[in-house]
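The sequence and the structure are shown first.

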Amino acid sequence: MGSSIAPGARPLNAPSQHGRGCDLARISSGVGVAYGCAMHIRTRKLIGTIVLVAFVVVYMLIAMAVTAVWLPGSPVALQLLGYATAGLLWIVPAGVIIRWMSRNPQAAGS
């Protein structure tokens, strides 16, 4: 039986002339999308940086609103605990975003 690859064409995951696994012409034509070509690390870091900055700004606004409503007039120990929690809670989702940004696209498969 014959293969579905045209004569002279290379498989989608074969290195192109630029050394990358995905050919942009094949991706834009819709051929590469179904196979899920790996995102380049520079693109992944750009997207992750934008998402991280947006998340921190939104989190900061929400944390300020919540602490301004709930903590005034509370005992000092409760205020300290509330501000410390709000100040450290953003680290968990930020770590997930940073871990996603740092993944190796070849090893992760996307």
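## Overall make-up

Of the 110 residues in this protein, 16% count as buried, and the model in which they are placed is a predicted one. The accessible surface comes to about 8200 Å², and carbon and sulfur atoms account for 71% of that area.

The secondary structure consists of five helices and zero strands, so that, read from the N terminus, the order of elements is α-α-α-α-α. When contacts between residues at least 6 apart in sequence are considered, 52% of them join residues that are at least 24 apart.

## Helix α2 against helix α3

Helix α2, which spans residues 41-70, packs against helix α3, residues 76-88, at an angle of about 170°, and the axes of the two helices lie 10 Å apart. Because angles over 145 degrees count as roughly antiparallel, α2 is described as roughly antiparallel to α3.

On the α2 side, the residues that meet α3 are Tyr59, Ala63 and Thr67, and their counterparts in α3 are Tyr83, Thr85 and Ala86. Divided by class, the residues of this contact comprise four nonpolar and two polar ones, with no charged residue among them.

## Helix α2 against helix α4

Helix α2 also packs with helix α4, residues 91-102, and here the axes come within 8 Å and cross at roughly 170°. The two helices, α2 and α4, are therefore roughly antiparallel to each other, and their crossing is left-handed.

From α2, the contact takes in Ile41, Arg44, Lys45, Ile47, Gly48, Thr49, Val51, Leu52 and Phe55, while α4 brings Pro93, Ala94, Ile97, Ile98, Trp100, Met101 and Ser102 to it. By class, the contact of α2 with α4 holds eleven nonpolar, three polar and two charged residues.

Leu52 belongs to helix α2 and, when residues up to four places away in sequence are not counted, it touches Ala94, Ile97 and Ile98. A further relation to this part of the chain is given by Leu52 and Val96, which are 44 residues apart in sequence and have their C-alpha atoms 9.9 Å apart in space.

Ile98, for its part, is found in helix α4, and, computed along the sequence, 50 residues separate it from Gly48, although the C-alpha to C-alpha distance between Ile98 and Gly48 is 7.0 Å.

Terms used
Residues are numbered from 1 along each chain as its sequence is written. This is a predicted model: local features need pLDDT of at least 70, side-chain atom pairs count only at pLDDT 80 or more; totals for chains, interfaces and linings use all residues. Side-chain values use heavy atoms; hydrogens and water are left out. Helices (H or I, at least four residues) and strands (E, at least two) are DSSP runs, numbered from the N terminus. Buried means under 20% relative accessible area, exposed over 50%, partly exposed in between (1.4 Å probe, protein chains only). Contact means heavy atoms within 4.5 Å. Accessible areas come from the Shrake-Rupley method with a 1.4 Å probe; for residues, only the protein chains shown count as cover. Axes are lines fitted to C-alpha atoms, for helices over the stretch in contact, and angles run from 0 to 180 degrees between N-to-C directions. Angles under 35 degrees count as roughly parallel, over 145 as roughly antiparallel, 65 to 115 as roughly perpendicular and the rest as oblique. Ala, Val, Leu, Ile, Met, Phe, Trp, Tyr, Cys and Pro count as nonpolar, Asp, Glu, Lys and Arg as charged, and the others, Gly among them, as polar. A crossing is left-handed if the near helix is turned anticlockwise from the far one by less than a right angle, and right-handed if clockwise.
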